[in-house]
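The structure is shown first.

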Number of protein chains: 4
Amino acid sequence: MIKVGIVGGTGYTGAELLRILLRHPRASVAVITSRGEAGTAVSDLFPHLRGQFDLCFSEPDPVQLGACDVVFFATPNGTAMGQAPDLLARGARVVDLAADFRLQDLAQWEAWYGMPHACPHLLADAVYGLPELHRDAVRSARLIANPGCYPTAVTLGFAPLLARGLVDPGWLIADAKSGASGAGRKAETGLLMAEVGEGFKAYAVKGHRHAPEIGQNLARLAGRPVGLTFVPHLLPMIRGIEATLYARLSVDLTDADLTDLYRQHYLGEAFVDVMPAGANPDTRSVRGSNLCRIAVTRQAGSDVVIVQSVIDNLVKGAAGQAVQNMNLMFGLDEAAGLGAIALLP
Amino acid sequence: MIKVGIVGGTGYTGAELLRILLRHPRASVAVITSRGEAGTAVSDLFPHLRGQFDLCFSEPDPVQLGACDVVFFATPNGTAMGQAPDLLARGARVVDLAADFRLQDLAQWEAWYGMPHACPHLLADAVYGLPELHRDAVRSARLIANPGCYPTAVTLGFAPLLARGLVDPGWLIADAKSGASGAGRKAETGLLMAEVGEGFKAYAVKGHRHAPEIGQNLARLAGRPVGLTFVPHLLPMIRGIEATLYARLSVDLTDADLTDLYRQHYLGEAFVDVMPAGANPDTRSVRGSNLCRIAVTRQAGSDVVIVQSVIDNLVKGAAGQAVQNMNLMFGLDEAAGLGAIALLP
Amino acid sequence: MIKVGIVGGTGYTGAELLRILLRHPRASVAVITSRGEAGTAVSDLFPHLRGQFDLCFSEPDPVQLGACDVVFFATPNGTAMGQAPDLLARGARVVDLAADFRLQDLAQWEAWYGMPHACPHLLADAVYGLPELHRDAVRSARLIANPGCYPTAVTLGFAPLLARGLVDPGWLIADAKSGASGAGRKAETGLLMAEVGEGFKAYAVKGHRHAPEIGQNLARLAGRPVGLTFVPHLLPMIRGIEATLYARLSVDLTDADLTDLYRQHYLGEAFVDVMPAGANPDTRSVRGSNLCRIAVTRQAGSDVVIVQSVIDNLVKGAAGQAVQNMNLMFGLDEAAGLGAIALLP
Amino acid sequence: MIKVGIVGGTGYTGAELLRILLRHPRASVAVITSRGEAGTAVSDLFPHLRGQFDLCFSEPDPVQLGACDVVFFATPNGTAMGQAPDLLARGARVVDLAADFRLQDLAQWEAWYGMPHACPHLLADAVYGLPELHRDAVRSARLIANPGCYPTAVTLGFAPLLARGLVDPGWLIADAKSGASGAGRKAETGLLMAEVGEGFKAYAVKGHRHAPEIGQNLARLAGRPVGLTFVPHLLPMIRGIEATLYARLSVDLTDADLTDLYRQHYLGEAFVDVMPAGANPDTRSVRGSNLCRIAVTRQAGSDVVIVQSVIDNLVKGAAGQAVQNMNLMFGLDEAAGLGAIALLP
């Protein structure tokens, strides 16, 4: 069994890691830390885990964590970079579900995250853990930068178009919408039921931290810088991201043709489902699952291709993808522990 | 007092007309019809109207309706065009909240609505009732085509940019999201709480009936045909439309400049509120009110202008705008009966 | 015009007071205070109020507040009792929307609210502002204890049964459910969309602060102490309280008989609507309105009477009732400014 | 592998049976029928099942169904009783998720369900499939009446009190609340998002079909007829039932004592979790799982015991319990295929 440590287990991604790993055939959670909740039984904080196991949150202990095969950081930005070097030195592999290792450009990272980076020398070693793009690198990685939720949905949606040079990379629009769990389990007025319910709006419209991450992914796919407009919106619901993507075709293909190309591109991928042209992927159809569902559409008389991409922000957008990366790092079936069917309705 | 008739009062737009007109200082509802519910007290169907008045639904009667000063059609598409000629001949003015008179192009209308038009000769007389664009025509109109909900939000959002030639009209994107009440009070599986709740998806992505209506509005503003991609989405909530609009600037203006232009453009408009650049209009801030709130944003290093536009689909997107048109047609204060403050939270 | 001051205007009850008072024909808000937001324009915090007025939050100033005709405290428990004596001495009338003056029994108040009371001598002068029970006292009051939201719904539901001695007062059950806005605009993890949405549970099941307040009301109606079991629940929605009440009939009356008695009891009340026996009042039917809707039912073969009572917790349960009390205190039409029709759907 | 047939697979319980059985280690779905959708791929109707299997809905065929080891009826009331005798004769076992075999009293059944019963002679053979009460009978059953969702939550909540004679059985209150999926996937106006969202009300307050079923269960536990008042409410959410139960203690026990008794009573039960006294079970903590979570509370100075019981209406309240019954009937591990952890948030 793979011995797993989780740092910062009191948020939604931590809870989701537990939900998945507690049913994983080859992994076992040995330690879960929380400075604020040290000593509290995990199931007292997360009643859905009652009776599943008897771990308590503990103070983070380098020795204990370093003795794990892999340590997941489900922490705020800036935490993993402080502890990763030591844990890697102790022989543990590290998966950061936050943003510390997502951007290759140090200056860009420090500008967007507003702090100096604690271990810039590791940025080059960190593998961006989007298996559908970097599977081989993930297999041999010791440090994984687990992608953001929006970047996962948007990158998987644009990838076939950019990798094959089918659209103008200078004019990409990503209109993305996320459930409230994407903001985490933080006591903020703006995330209250009475503030988020029965309403809808965009946020961070001047610029969101996930934009440079998406830009980095898309540029790598296009082989050149891209022009991206990314606008996130907050949905009056809990789980799910939908991204509606717009690009200008540089070749004249029907959406049936494009759907075939997407199917070829994602052939054999366990966690990408390409729906028929004109279909409408619903976030509900992936809730609780590690799937990304995609559909490609072209309206009559237009050269604009419309791509809809949906994921569960806590699974394929966070904890599920982290476990998918773990499976690859340890030579397991990539889908191990990730077979749950979405909960619908 | 203006004597009002409402045809088809059992839907949400009918109920909203009643909610507004029952508090209108200069109008009085004389008759409300429903074939299906004839004889039923309106307050039995709509308990929030209990104690407000004692009308029952009645069978539509041309004489009774023709004796009204104005008749609102809160009916499915195809109903108003069958009765409007007779009512107009009887001296009543007509406001159709459905789509029968929204498109000037007969062939286009019949293609999108799948039926022959019953009175094509009236299309030229019908005034498209978006007061912020056609106030003078509305004042003298006898037949109003009340705009669709999406077209109201999208047209008001794009108008200043197109009227002033600030963007490339060939490349317009409208990513719109609507609450479930926009689909009406219809017993359809796809509109059930268990289908719409806690989920999000696009629909009619190959093409929606509101696209040609929006295109007609934008072309008139631009003085030439436009290239529009319109994608509607269904929100897990009841009231509210948010449209995020994307266009490519043909002039180099900051979003502060653009916001000033929007403020000038809508100067004196009672029902358009231009927020500061970078603000995020929330559908909740207009729920139950006749306002359209708009914000304009430009992200660093991009020539894309982002416009956010929000309305209450049942008020400014339907019943409220219909009453605003009635006020203009009868020389009343345009805001009469429309002063309610949005209900938030 | 009545000159109004509002202390603590940054919460939901403060915003709701503004929504109502800004349309009140005889009142005008002169000052609204907030220590935390002093200097901020009210409409920056509450965008639905943009364009309605130009007040900013100010530091609470006794002179300025004392010069008002009436001061509403929309503050946490414990605030009003500190300032009320001074304001009363300055000639202002005071309406406390919090709990400081709701309980007549000092020891009980200090036990439930966990602090010493700052002005126990005022408890006897304070009038419990439930107009349907104490209208005359309210008219001549200088200090109003505005009832809690649960107590308003439960007391109005039980009142006719207890006042007429129709049930066993020793065995009363109140199963109450409230939307999340009832907990206020507080940054608490337990009130997040991701915690409250798509779920339902009871809370404070061992005992809630509103229980002694309800008990005091019911005992006064029954003329003797009552046995009450009150259990509040949190609804995955924003506005509305529904209370389902159970009592054992001591006389054999049909629910048609009981409904008649309720109608007689509330005859002439502008804000209590007794529905037919067996009806199901929906919180939506009172959302945004000052109404309490009640229905009485008896199941075949049972001596249990079931009373359903619904209100909008922010209106009849808070700000609306406060304005209703103000209207009475100043000799205005009791319904002035409270005529809004509920927003449905 | 157990060969499974599902009759009427287009509703939510049918979809939930598929979600569970597709991951069951010892069962395989051989046929799923639907008259309305015959020929349609199941995954076209339920996109969350895309890629899971390739079954299409078929016309119900007695031979094909009769060749199954077990046939689940996920059909409207009145369907199973028409086909069960034939299927039983063909050697299949039958689990009816509807109400055809739930009531032992024929006259009572025909009165509540408004139709003559097609095979009254089978009522005595049918086993009421609540394993926590009738495990041995279920093991040897050939025909299972799968309990209703409300009866499951209410019966498990009251059982220890009644079985041990701790309360007055003549005065039982069950105030129950259910998500909208409990009403099924029916195109009814009353179940629309715009009707159910952001609102709350009771329904069927004069009497609900589940009341006699609950009464039958409780009477069997108490060994005498009981006096039950059952009031169901509709929650603005999709999945989950919470029942708050009230009874009068006939012995003086603390809620700590009562909690111990509940733990003893349910000792070894895989799907009943007794929480500490005063805890508040949340429907979210069982969403997607087969668990029933219960807490027992007594308020100071009262002889009323308050029991909170939560389940997922589609799992423990329907499909999960049906699979639990199947496991017992075929001598499998009772928990086989039912190990999913609840999805929270």
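## Strands β7 and β9 of chain C

C:Lys177 is placed opposite C:His233, a residue of β9(C). The model is predicted. In it, strand β7 (residues 172-178) of chain C runs parallel to strand β9 (residues 228-234) of chain C, and 7 bridges join the two.

Helix α9 (residues 210-222) of chain C lies across both β7 and β9 of chain C. Its direction makes an angle of about 135° with β9(C).

## The sheet of chain C

These strands belong to an open sheet of 7 strands in chain C, with the order β8-β9-β7-β10-β13-β12-β11. The pairing in this sheet is mixed. Its edge strands are β8 (201-202) and β11 (272-274) of chain C, each of which pairs on one side only. Strands of a sheet pair through backbone hydrogen bonds, in either the parallel or the antiparallel sense.

Both senses occur around β7(C): the strand is parallel to β9(C), whereas its pairing with β10(C) is antiparallel, over 6 bridges. In β10(C), C:Leu245 is the residue that stands opposite C:Ala174. β10(C) is also joined to β13(C), by 8 bridges, and these two strands run antiparallel. There C:Glu242 stands opposite C:Val310 of β13(C).

How enclosed is strand β10 (residues 241-248) of chain C? Of its 8 residues, 7 are buried, so the strand is largely enclosed by the rest of the structure.

## Aromatic pairs

Over all chains, a search of the whole structure finds 10 aromatic pairs. One of them is formed by A:Tyr150 and A:Phe230: the ring centres are 5.2 Å apart and the planes meet at 70°, so the pair is edge-to-face. The two residues are 80 residues apart and link distant parts of the chain, with A:Tyr150 in helix α7 (residues 149-163) of chain A and A:Phe230 in strand β9 (residues 228-234) of chain A. A:Tyr150 has a relative accessible area of 1% and is therefore buried, the cut-off being under 20%. A:Phe230 is also counted as buried, at 1% relative accessibility.

C:Trp109 and C:Tyr113 form a stacked pair, with 5.1 Å from centre to centre and 25° between the planes. Both lie in helix α5 (residues 106-113) of chain C; because they are 4 residues apart there, about one helical turn separates them. C:Trp109 is buried, with a relative accessible area of 0%, and C:Tyr113 is buried at 6%.

## Arginine over phenylalanine

In chain A, A:Arg93 lies over the face of A:Phe330, 4.8 Å from the ring centre. In chain C, the charged end of C:Arg93 sits over the ring of C:Phe330, at 4.8 Å from its centre.

Is D:Tyr128 buried or exposed? D:Tyr128 is buried, with a relative accessible area of 5%. The residue lies in strand β5 (residues 127-128) of chain D.

Neighbours within four places in sequence left aside, D:Tyr128 is in contact with D:Arg102, D:His134, D:Val138, D:Ala145, D:Pro147, D:Gly148, D:Pro151, D:Glu213 and D:Asn217. Between D:Tyr128 and D:Gln104 there are 24 residues of sequence separation, and their C-alpha atoms are 9.4 Å apart.

## Relations between copies

Chain B is superposed on chain A by a rotation of 180° with 0.0 Å of shift along the axis, giving an RMSD of 0.0 Å. The two copies are thus related as by a two-fold rotation axis. Which residue of chain B comes closest to the rotation axis? That residue is B:Pro236, whose C-alpha is at 3.3 Å from the axis. Of the interface residues of chain B, 100% are also interface residues in chain A, so the copies meet through the same surface.

Conventions:
Residues are numbered from 1 along each chain as its sequence is written. Chains are lettered from A and ligands numbered from 1 in the order in which they are written. This is a predicted model: local features need pLDDT of at least 70, side-chain atom pairs count only at pLDDT 80 or more; totals for chains, interfaces and linings use all residues. Side-chain values use heavy atoms; hydrogens and water are left out. Copies are superposed by least squares on the C-alpha atoms of residues with pLDDT of at least 70 in both. Contact means heavy atoms within 4.5 Å. Two strands pair if DSSP finds at least two bridges between them. Axes are lines fitted to C-alpha atoms, for helices over the stretch in contact, and angles run from 0 to 180 degrees between N-to-C directions. Rings of Phe, Tyr and Trp (its six-membered ring) pair if their centres lie within 6.5 Å; planes under 30 degrees apart count as stacked, over 60 as edge-to-face and the rest as tilted. Buried means under 20% relative accessible area, exposed over 50%, partly exposed in between (1.4 Å probe, protein chains only). A charge sits over a ring if NZ of Lys or CZ of Arg is within 6 Å of the ring centre and within 35 degrees of the ring normal.
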